[in-house]
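Hi there,

Here is the structure I promised to pass on to you. Have a look at it first, and then read my notes below.

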Amino acid sequence: MPFRADLHCHSTCSDGSCTPQELIDLAIEKGLSGLSITDHDTVDAYSAISDNRGLKLLTGVEFSTVLNGKSVHILGYGIDVSSQKLLDFCAKHQERRRTRNRGILSLLEKQGMVISEEELFAIAGHTVGRPHIAELLVSKGYVDSHQKAFQKYIGDGKSCYIQGDHFSIEETLDIIHGAGGISVLAHPHLYHGKRFVKTVLEKGIRGLECDYACFPKAQNAPWHSLAEELSLLKTAGSDFHGKKKPGIPLGASCVDEKTFSTLIISL
Ligand code: AMP
Ligand code: ZN
Ligand code: FE
Ligand code: FE
């Protein structure tokens, strides 16, 4: 079987439905040779794995940043997950999220939708995010779907969303590169056009996630061209969240052995 590695997935340490160990078991079941678990703003997954069962693991994280009020996700690969600066940065993200989530809950409450912080912590891992709030809005009957929760209340710019504090792209790149990692812009497909993506990349990002989730070749092609034009490393990943994002299987987008080795060697 050819070497395939999925470089983007989430565990229960953020907003995925599989534990880190379950992700490893699933990757092996799917015939993958390599994996990177890229939880939002935490590297806790790497201390929760008991046995990688021969699967090649590349350390990873997906940091939330903001540019011109727009959310931008930056992946960090090959990072030293015991770097104190990295761990302190993750802790600051958790604090930022706590304050922001409190703000969102208070806006929801003003519209008659009551969710407590305890309820949120009870269903979340280390990183508590809007998908958890959406899950509670559905389970408590305030909206009838996850998507509606974002569309009506907690999506960017909606009535119960506040962005709160954030970290810049520059600060985030310093942390990733300082921890020996390679920075990659996640899912350019989901942003606001090529010009915006170019502005983000010009800040010193070293790679671009050209193949993403289940997007067809034709939609990945412009990002391959851009990565070639800017001499960036091309990566791929499914952004698997398990049951939390049904329809996207682990291994939906993968890199080959050469790309995987480049990222490992850069450690
Ligand atoms: P957070 O990091 O807590 O701000 O939550 C961001 C996450 O919410 C993203 O990674 C997506 O998984 C999800 N998300 C954001 N906007 C939407 C949307 N409009 N519809 C569905 N999911 C969304
Ligand atoms: Zn996620
Ligand atoms: Fe993302
Ligand atoms: Fe992701």
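Let me start with one of the metal sites. In this predicted model, the iron ion (ligand 3) is held by Glu 62 through OE, His 73 through ND1 and His 187 through NE2, at 2.1 to 2.2 Å. Along the chain, these donors are spaced E-x10-H-x113-H. Glu 62 belongs to strand E4 (residues 60–67), while His 187 sits in the loop between strand E6 (182–185) and helix H7 (194–201), so the pair ties together parts that are 125 residues apart in sequence. Both Glu 62 and His 187 are buried.

Now for the iron ion (ligand 4). Which residues are its protein donors? They are His 8 (NE2), His 10 (NE2), Glu 62 (OE) and Asp 239 (OD), at 2.1 to 2.2 Å from the ion. The angles among the four donor atoms run from 79 to 164°, and the site is irregular. In sequence, the donor residues follow the pattern H-x1-H-x51-E-x176-D. Here too, distant parts of the chain are linked: His 8 is in the loop between strand E1 (5–6) and helix H1 (20–29), and Asp 239 is in the loop between strand E8 (233–237) and helix H9 (257–265), 231 residues apart.

Are those two residues buried or exposed? His 8 is buried, because its relative accessibility is 0%. Asp 239 counts as buried too, with a relative accessible area of 4%.

Finally, look for the zinc ion (ligand 2): it lies 4.4 Å from the iron ion (ligand 4) and 5.9 Å from the iron ion (ligand 3).

Enjoy exploring!

How values were computed:
Residues numbered from 1 in each chain as written. Chains lettered and ligands numbered in written order. Predicted model: local features only at pLDDT ≥ 70, side-chain atom pairs only at ≥ 80, totals over all residues. Heavy atoms only, no water. Donors = N, O, S within 2.8 Å, 3.2 Å for Na, K, Ca; no water. Tetrahedral: all angles 85-135°; square planar, octahedral: opposite > 155°, others 65-115°. Helix = DSSP H or I, 4+ residues; strand = E, 2+ residues; numbered from the N terminus. Buried < 20%, exposed > 50% of the residue type's maximum accessible area, 1.4 Å probe, protein only.
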